[in-house]
Amino acid sequence: PQGRPQQPARPAGQGQRPAQGQPANNRPAAQQPQGQPEPGLEAARRMILDGRAECVLVKDGRILAQESGGGVSPLLTIYETRKGDMADAVIVDKVIGRAAAAIAICGKARHVHGEVMSEDAAEFLKAHGITSGCTLPVPRILNRKRDGLCPLEQSVAGIDDPEQALAALKNKIESFRKNRN
């Protein structure tokens, strides 16, 4: 996940009737491409919704890895430690923007589900033959102050090559680390 997702124009508030197609618990149902549901996807989503993980790797219906943390670090950790397992796997993450999509593409994932997913991420994944689904589609991923684009998203904006996007993302993360010290 990166930054904070841009909220939809009119979120359902407390005490309001749920929007059409939205369950009464105010958790929208996941939007998936047509066809068979991904095995293990709902169990991985429950882990994220229950706060037990921010990113979950599922393959052949089994949960292979789960990570917690902020930003793209959980997904990047899975990529760096379980890259071979990512090929043909399903990634379920709290927030998927273009930066996270680049990691998934480089890991050769088969499907990516984001509880929140930017339009740009969905298009980037599709352009690289990866199916995706999400619970809440958003136009873009915002920074923590919600006054502009997430800096990790800025670092990969306009980069169509996933390997180059991943390199730009890692450079941005490294510059954050240097500035903290």
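Q: Hi! Before we dig in, how many helices and strands are there in the protein chain?
A: Hello! This predicted model has six helices and seven strands in the protein chain.

Q: And in what order do the elements run from the N terminus on?
A: They go β-α-β-β-α-β-α-β-α-β-β-α-α.

Q: What share of the 181 residues is buried?
A: Buried residues make up 43% of the 181 in the chain.

Q: OK, now the inside. Which residues touch the most other members of the largest nonpolar core?
A: That core has 42 residues, and the ones touching the most other members are Leu 57, Val 72, Ile 91, Ile 103, Val 112, Leu 125 and Leu 169. Helix 3, which covers residues 98–106, gives the most to this core, with eight residues.

Q: What is in the second, separate core?
A: The second core has nine residues, including Met 47, Ile 48, Val 58 and Val 90. As a general pattern, nonpolar side chains tend to be buried together in soluble globular proteins.

Q: Let's talk about helix 3. Why is helix 3 described as largely enclosed by the rest of the structure?
A: Nine of its nine residues are buried, so helix 3 is largely enclosed by the rest of the structure. Those residues are Arg 98, Ala 99, Ala 100, Ala 101, Ala 102, Ile 103, Ala 104, Ile 105 and Cys 106.

Q: What do the buried residues of helix 3 pack against?
A: They pack against helix 2 (73–86), strand 4 (90–96), strand 5 (111–118), helix 4, helix 5 (151–156) and helix 6 (162–180).

Q: Next up, at what angle do helix 3 and helix 4 pack?
A: The angle is about 20 degrees, and the axes of helix 3 and helix 4 (residues 119–127) are 8 Å apart. That makes helix 3 roughly parallel to helix 4, because angles under 35 degrees count as roughly parallel. The crossing is right-handed.

Q: Which residues meet there?
A: From helix 3 you have Arg 98, Ala 101, Ala 102, Ala 104 and Ile 105, which meet Asp 120, Ala 121, Phe 124 and Leu 125 of helix 4. By class, this contact has seven nonpolar, no polar and two charged residues.

Q: How about helix 3 and helix 6, at roughly what angle do their axes cross?
A: They cross at roughly 125 degrees, and the axes come within 9 Å. That makes helix 3 oblique to helix 6. Here the crossing is left-handed.

Q: Who makes that contact?
A: Ala 99, Ala 102, Ile 103, Ile 105 and Cys 106 of helix 3 contact Pro 162, Glu 163, Ala 165, Leu 166 and Leu 169 of helix 6. These residues divide into nine nonpolar, no polar and one charged.

Q: Changing topic: where is Asp 60?
A: Asp 60 lies in the loop between strand 2 (55–59) and strand 3 (62–67). Its phi is near 55 degrees, a positive value in a residue other than glycine. Asp 60 counts as exposed, at 69% relative accessibility.

Q: And where is Arg 146 found?
A: Look in the loop between strand 7 (141–142) and helix 5. Arg 146 has a positive phi near 65 degrees, and at 37% relative accessibility Arg 146 counts as partly exposed.

Conventions. Residues numbered from 1 in each chain as written. Predicted model: local features only at pLDDT ≥ 70, side-chain atom pairs only at ≥ 80, totals over all residues. Heavy atoms only, no water. Core = buried A, V, L, I, M, F, W, Y, C linked by side-chain atoms within 4.5 Å. Buried < 20%, exposed > 50% of the residue type's maximum accessible area, 1.4 Å probe, protein only. Helix = DSSP H or I, 4+ residues; strand = E, 2+ residues; numbered from the N terminus. Axes fitted to C-alpha atoms, helices over the stretch in contact; angles between N-to-C directions. Parallel < 35°, antiparallel > 145°, perpendicular 65-115°, else oblique. Left-handed = near helix turned anticlockwise from the far one by under 90°. Contact = heavy atoms within 4.5 Å. Nonpolar A, V, L, I, M, F, W, Y, C, P; charged D, E, K, R; others polar.
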